[in-house]
Structures are given as structure tokens and as C-alpha cells.
Amino acid sequence: QVQLVESGGGVVQAGGSLRLSCAVSGANFRLYSMGWWRQAPGNQRELIAHLTGGGESTFYVYSVKDRFTISRDNSKNTVYLDMNKLKPEDSADYYCNGVAGIKPAWSWGQGTQVTVSS
């Protein structure tokens, strides 16, 4: 059974930065593309960034492009999301998961909450 443990969320002022981490266990981590999703209250969960198993190719939605960076350490079975120039509209619960097509590969973890104050 795959387990996902997200961490690193918190409260930050607009313009600030945070680094989210996601530790993955129970999967052959390096074989999977990994992604970060986020869900704000009243909104659907959306995939905002993903990268391939070797980290050679990345994708970002327009709203986070050039501000967020997704990376991974296959030796630690961990994926990261570096978030810079944060905006109040980035406030949401953030989740990681494997990416199967554009869908999550496994059951969700508990997520980590990010709040950006104006």
C-alpha cells in the first residue's frame, strides 16, 4: 500500500516562499511521474505541477509557472515543491501523488495547508 506524507505548509505573507515535501513509501518511486495538486475551499482539486521519473521533464499550470518549482530526490523517495512569490490565491490544501495520465495514481495523503496572507 502506497503512503504519501506531505509536509511544509504554513502561514506566509504575500511575496514569501515555502517548500513543500512529500515522502512516498510502498511504491517503486523512480518509475512514477509525480505531481502536486491543490484544492482551495469550494474548488476542485487541480494538478498544478508534475515531473517525470528521472526529473528530466516538468509541467506547470500557467498560474504557478515561473513561481513554483517541482523537483524530486529518488534516493529519498521524496518530491518537493518550492513556492516563491506567493499570492493569496495560492492558499489551499496541497497534495502530492503519482501521476497516471492526468489522474492520481494512488489514494491521497493528508495534504498540507498553505495560507498566504495579504
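This is a predicted model: local features need pLDDT of at least 70, side-chain atom pairs count only at pLDDT 80 or more; totals for chains, interfaces and linings use all residues.
With which residue does R67 form a salt bridge?

**View 1. The salt bridge between R67 and D90.** R67 pairs with D90, and 2.8 Å separates their closest N and O atoms. R67 is located in the loop between β6 (58-60) and β7 (68-73), whereas D90 belongs to the loop between β8 and β9, so the contact ties together parts 23 residues apart in sequence. Both R67 and D90 are buried.

**View 2. The salt bridge between D90 and R38.** The side chains of D90 and R38 also meet, with an N to O distance of 2.9 Å. R38 is part of strand β4 (residues 33-39) and D90 of the loop between β8 and β9 (92-100), so this pair links parts that are 52 residues apart in sequence. D90 and R38 are both buried.

**View 3. The network that includes R67 and D90.** Through salt bridges that share partners, R38, E46, R67 and D90 are joined into one network.

**View 4. The salt bridge between R19 and D82.** Because R19 lies in strand β3 (residues 18-25) and D82 in strand β8 (residues 78-83), the pair ties together parts that are 63 residues apart in sequence. R19 has a relative accessibility of 44% and therefore counts as partly exposed.

How values were computed
Residues are numbered from 1 along each chain as its sequence is written. Side-chain values use heavy atoms; hydrogens and water are left out. A salt bridge is a side-chain nitrogen of Lys or Arg within 4 Å of a carboxyl oxygen of Asp or Glu. Helices (H or I, at least four residues) and strands (E, at least two) are DSSP runs, numbered from the N terminus. Buried means under 20% relative accessible area, exposed over 50%, partly exposed in between (1.4 Å probe, protein chains only).
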